[in-house]
Amino acid sequence: MSTTRPQSTESAESAESAPQRILQRLIMPLAPTPDVIPLYIESQAARSGAQTGSFGLGTATAESAEPAAGATGTTGASQLDLEELSARHGVEVPPQSLRSFGTYFNAFPASYWRRWTPVREVTLTIATSGRGQIIVYRSNARGAIQRHDMAIVSRPGETRFDLPLTAFGDGGWYWFDVISGPDPLTIHGAQWTADASAARTEGTFSIAMTTMNKVSYCLDNIELISKDTDLREKLDVMYVVDQGTDRLNDHDEIEPLQAAMGEQLQIIEQGNIGGSGGFSRGMYEASTNGSSTYVINCDDDIDIEPESLLRMLTFADFARTPMLVGAHMFDLNNRSVLHAFGESVDPWAIQPKVTIPEGRLGHDFAVEPLRSTPWLHRRADVDYNGWWTCLIPTETVRAIGLSLPVFIKWDDAEYGLRAKKAGYPTVSMPGAAVWHITWTDKNDALDWQIYFHERNRIITALLHSVYERGGKVLTESQGIDVKHLMSMQYYTEAARLIAQEDVLRGPGVLHDEIGTKLPELRAMAQTYDDSLTKADADQFPEVRMHKPPRKGRAFSAPRRSMLPLWTAKAMARQLIAAPPESSAAHPQAAIAHQDAKWWTLSHYDSAVVSNAEGTKLAWYRRRPEQVRSMLVRTARTHLDLYRQWNRLRDEYRAAAEGLTSFAAWERTFSENPAPVRPGIDDVDTAAPSTSEGASA
């Protein structure tokens, strides 16, 4: 393997070179707590997790590798003095110590730059003082580690490595380690740069953040942006679309932030028309303000690594063609855990799926570092990125329109699929991330949100499925209905049935009902046992059951070969057998959320069940008459969807351009203003700025 030797500052200055642009720079955490340190720096030697050791430094698999070989985790964090991490763009390495930057935020994702940009060589420049070694490593798509180059440093100055990107076709990263001598070695900064002329443009961005009654999160994020001078230089406007009743403008804390940001902060108040309405408003404003090259959609309840936004912007500038650039999502409550690395839509099921086959949701870098986890070295090519944080070229917005008017759920996935069809791909960019509450900690598969999950999934299938009648969407949907009925989740099933019936009504009602559907669903929740929640178990009658099922043994999912017979038997009980009177007076069991599977709940006539967040409980009670009625409805709606699929597909596809147009959304914005508060609101702040030809 041929390499270019590192150059000293003197030789670099004498060489004629094109202007360089920073692609990525070394960063340390803003708040260096033990749970985030493994994402930035490690104190252990590398070990490959690749199956084949011929090109690596080890042969252990990711499953069998000892965490101590490459992990920082609790052990690694304890070996790092937090004083080392006092600088944002540098670090002081203690005497005779190793520090590795083969980490999520500091390794360079070479394969993504190789695939999506014209860049074929990057320059790594490291400014140091003190004596020691710098070793540059690279990996391939299998996760095998290769030592690429090294240099000995002995005096203050810069060391430069010219690094080719030609061999990163399917995956791989670059990173560097440093080993100090008898005295401390200080890294004053490190930058990955490339020829600036390779960039397609040098753009600016606006932020579209939609919020509803999450004031503290919003204030924190606005403050973070306001203090970052590098971001502010590239920021046009931060649009905060406030759809709540507890409004930002009612809090004194917003005043100094507004004063600090001036015209770069605009708070727009409008009625609650969901995430799709809030993001569409921000996308609309950014795409018509005459200056923004990109708009970055952001959730309100996130913790941003601000350098991520600059990396997304830079990557988008260098991309060969305009493309969407998304950030990954880490778990806000477990900050070393990467929840979403790259997602696609299963075309047969129209369900999100992990793009890399061996990948998984919820990877903990404190246990398995980047260097010892092979699947993280394979490039993930995605269909979409979640709008917890996603950059979209305003050119794309003007070309394909705004979000579907679907309130929440599937708006980001559908937009990614639509953009991809129009020639605007998406990349989920490693090294760019935010922390956010994961959906595994939410109850959205059972509460009112299930309506939007179901309706919007079917609509997405109608718009984008390449299979006859949507592949397995309808059969899977009906199977899910049966599971909810066997689980005594009648409110959840009622919401799903309304969703299916609303799809049959056609696309014409989507804009009209975007602001009214949620109140209807919440009102309906008051009429079902499984949606009437209380805070404490003591608020329910005592659990009593004369004869526990299965002699008190734990339940397990039925075997696939026995599933038809098992389901028929269980459903017959749900339909015919009358529940004992005692189950109406006392729940038969108290069941934790993680144990509340359909094959468990189907055995009970009543049970107190906790929600995903652990904040509430509900008393489920079996009602055969409810099951009979809903079973008939689900059979009818699915038969209608099957028979009318082709007509509905053509109708939704014909209407899509109009539904997502600027003109249609302008009407929806004006029809859903923020409620006027007597004595407080003197003007209507929700009217959008209009522009001639905005939807062109």
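This is a predicted model: local features need pLDDT of at least 70, side-chain atom pairs count only at pLDDT 80 or more; totals for chains, interfaces and linings use all residues.

Student: How many aromatic pairs does the model contain?

Tutor: Ring pairs are judged here by their centres, which have to lie within 6.5 Å of each other. When that rule is applied to this model, the count of aromatic pairs comes to 30.

Student: What kind of aromatic pair do Trp113 and Phe318 form?

Tutor: The centres of the rings of Trp113 and Phe318 are 5.5 Å apart, and their planes stand at 70 degrees to each other. Planes over 60 degrees apart count as edge-to-face, so the pair formed by Trp113 and Phe318 is edge-to-face.

Student: How many residues apart in sequence are the parts that Trp113 and Phe318 tie together?

Tutor: Trp113 belongs to helix H4 (residues 110-116), whereas Phe318 belongs to helix H9 (residues 307-318). Both Trp113 and Phe318 are buried, and both are members of one aromatic cluster that also includes Phe108, Phe168 and Trp192.

Student: What kind of aromatic pair do Tyr491 and Tyr528 form?

Tutor: Tyr491 lies in helix H14 (residues 490-504) and Tyr528 in the loop between helix H15 (517-525) and strand E22 (533-534), so this pair ties together parts that are 37 residues apart in sequence. Both Tyr491 and Tyr528 are buried. With 6.0 Å from centre to centre and 55 degrees between the planes, the pair of Tyr491 and Tyr528 is tilted.

Student: Which residues touch the most other members of the largest nonpolar core?

Tutor: The largest nonpolar core has 104 residues, and H9 supplies its largest share, seven residues. Apart from this core lies another, of 62 residues, among them Leu324 and Trp599. Within the largest core, the residues that touch the most other members are Phe176 and Met238.

Student: Is strand E9 largely enclosed or largely open, and why?

Tutor: Strand E9 covers residues 185-195, and eight of its 11 residues are buried. Strand E1 (residues 20-25) pairs with E9 in the antiparallel sense over five bridges, and strand E2 (residues 91-93) likewise runs antiparallel to E9, over three bridges. Because of those buried residues, the rest of the structure leaves E9 largely enclosed.

Student: Which residue of E9 does Ala127 stand opposite?

Tutor: Strand E4 (residues 121-129) is joined to E9 by seven bridges, and the two strands run antiparallel. In E9, the residue opposite Ala127 is Gly189.

Student: Which strands form the edges of the open sheet of four strands?

Tutor: The open sheet has the order E22-E25-E24-E23, with mixed pairing. Within it, E22 is joined to strand E25 (residues 617-621) by two bridges, and these two strands run antiparallel. The strands that pair on one side only, and so form the edges, are E22 and E23.

Student: Is Arg379 buried or exposed?

Tutor: Arg379 is placed in the loop between strand E19 (363-364) and strand E20 (389-393). A polar atom of its side chain lies 2.6 Å from the backbone oxygen of Gly169, and the residues in contact with Arg379 include Tyr112, Arg115, Trp116 and Phe168. Since the cut-off for burial is under 20% relative accessible area, Arg379, at 13% relative accessibility, counts as buried.

Student: Over the face of which residue does Arg115 lie?

Tutor: Arg115 is one of the residues in contact with Arg379. Arg115 is placed 3.9 Å from a ring centre, and the ring over whose face it lies is that of Trp116.

Student: What distance separates the C-alpha atoms of Ser661 and Gly401?

Tutor: Ser661 is found in the loop between helix H19 (624-659) and helix H20 (662-671), and at 16% relative accessibility Ser661 counts as buried. A polar atom of the Ser661 side chain lies 3.1 Å from the backbone nitrogen of Ala664. Although Ser661 and Gly401 are 260 residues apart along the chain, the distance between their C-alpha atoms is 5.1 Å.

Key
Residues are numbered from 1 along each chain as its sequence is written. Side-chain values use heavy atoms; hydrogens and water are left out. Buried means under 20% relative accessible area, exposed over 50%, partly exposed in between (1.4 Å probe, protein chains only). A charge sits over a ring if NZ of Lys or CZ of Arg is within 6 Å of the ring centre and within 35 degrees of the ring normal. A nonpolar core is a set of buried Ala, Val, Leu, Ile, Met, Phe, Trp, Tyr and Cys residues joined through side-chain atoms within 4.5 Å. A polar contact is a pair of N or O atoms within 3.5 Å; within protein, one must be able to donate a hydrogen and the other to accept it, and residues adjacent in sequence count only if both atoms are side-chain atoms. Contact means heavy atoms within 4.5 Å. Lists of a residue's contacts leave out its neighbours within four places in sequence.
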